[in-house]
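Q: I have a new model open and I'd like to go through it piece by piece. Can you help me read it?

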Amino acid sequence: MVRQKIEIKKIENLTARQVTFSKRRRGVFKKAKELSTLCDVDVGLVVFSATGKLFHYASPSMEGVIAKHNMYLESVENEHQPLPNVQRESVTCAALTKELTDKSRELRQLKGEDLEEVGMAELIKLERLIDGGLRRVTRKKVEILMEQVNLLKKQEAKLMEENSELKQRSEIVHSSDSVTSGCCMLLDNMRDYHKISDTTLKLGLPFPN
């Protein structure tokens, strides 16, 4: 005999609905108990009838199953919720990325690139930025040139001072050579005089006046 397939929909007859509820409730609770025993798992089953009556089955206990259920929900929520530090780092990274993009675009525009979608107001602003930058570059260039000129002047003054010192030393050396030469001539004259004196004494000649 072929078993008739029952259409799954609300049973309109109240008596038939209550009978079906009673049978199926016992079957569901039996299956829950078998699942807990065979597979060694925690099971919690709660059923309210149409009249509000409570039916439940739990293994090992309803309190334990509910507590484990709540802990699981909290852990799942924490996994999907970013940590405060990570969230702050993400916001900071996004802000820095946007700033880098804006600065790169501004730099390209200052170089005369990426100007297709720039309006008149932005072009005037860019022109002022370029003019201001050019003035600053020129001013810095003049400062560097003046520093180089001052450095060359200091080097020139130092070289002139060293040249003057060398000249003074040279004059001192020449003066010393002259004195030395005069002393040598005086010594030579004295030697000649002594030779003449010795010769006069040996010959008995009178000393020259």
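Q: Let's start with the hairpin of β1 and β2. Which residue there takes a positive phi?
A: Gly 52 does, with phi near 95°. The hairpin has five residues between its strands. Keep in mind that this is a predicted model.

Q: How many bridges join β1 to β2?
A: Six bridges join them. The two strands run antiparallel. β1 covers residues 43-48, and β2 covers residues 54-59.

Q: Which residues stand opposite each other there?
A: Val 47 stands opposite Phe 55 in β2. Leu 45 stands opposite Tyr 57, also in β2.

Q: And along β1, which side chains are buried?
A: Val 43, Leu 45 and Val 47 are buried, and they point to one face.

Q: Then what makes up the largest nonpolar core?
A: Seven residues make it up: Phe 29, Ala 32, Val 43, Leu 45, Val 47, Phe 55 and Tyr 57. The elements giving two or more residues to this core are α1, β1 and β2. The largest share, three residues, comes from β1.

Q: Step back for me. How many helices and strands does the chain have?
A: Four helices and two strands. From the N terminus on, the order is α-β-β-α-α-α.

Q: What share of the chain counts as buried?
A: 10% of its 209 residues.

Q: Back to details. How many salt bridges does the structure hold?
A: One. Asp 42 forms it with Lys 68, and the closest N and O atoms are 2.5 Å apart. Asp 42 lies in the loop between α1 and β1 and Lys 68 in helix α2, so the pair ties together parts that are 26 residues apart in sequence.

Q: Is Asp 42 buried, partly exposed or exposed?
A: Asp 42 is partly exposed, at 40% relative accessibility.

Q: What else sits in that loop between α1 and β1?
A: Asp 40 is one of its residues, and Val 41 is another. Asp 40 has a positive phi of about 55°, although it is not a glycine. Asp 40 counts as exposed because its relative accessibility is 71%. Val 41 is partly exposed, at 31%.

Q: What about Ser 36 and Ala 58?
A: Their C-alpha atoms are 9.0 Å apart. In sequence, Ser 36 and Ala 58 are 22 residues apart. Ser 36 sits in helix α1.

Q: Why does Ser 36 count as buried?
A: Because its relative accessibility is 8%, and the cut-off for buried is under 20%.

Q: What's the peptide bond like from Ser 59 to Pro 60, cis or trans?
A: The bond is cis, with omega near 5°. Pro 60 lies in the loop between β2 and α2.

Q: New topic: the surface. Which residues form a nonpolar patch?
A: Leu 115, Met 120, Leu 123 and Ile 124 form one on the surface. Together they have about 330 Å² of accessible area.

Q: Where is Met 120 found?
A: Met 120 is in helix α4, which covers residues 120-203. Met 120 counts as exposed, with 60% relative accessibility.

Q: Last one. What does UniProt list for residues 142-169?
A: The unreviewed UniProt entry lists "coiled-coil region" there. In the model, those residues are 100% helix and 0% strand. The end C-alpha atoms of that stretch are 41 Å apart.

Notes:
Residues numbered from 1 in each chain as written. Predicted model: local features only at pLDDT ≥ 70, side-chain atom pairs only at ≥ 80, totals over all residues. Heavy atoms only, no water. Patch = residues over 30% accessible without salt bridge, like charges linked within 9 Å, V, L, I, M, F, W, Y side chains within 5 Å. Areas by Shrake-Rupley, 256 points an atom, 1.4 Å probe, with all protein chains shown as cover. Salt bridge = Lys/Arg side-chain N within 4 Å of Asp/Glu carboxyl O. Buried < 20%, exposed > 50% of the residue type's maximum accessible area, 1.4 Å probe, protein only. UniProt positions renumbered as here; feature names shortened; annotations may be inferred. Pairing = 2+ DSSP bridges. Core = buried A, V, L, I, M, F, W, Y, C linked by side-chain atoms within 4.5 Å.
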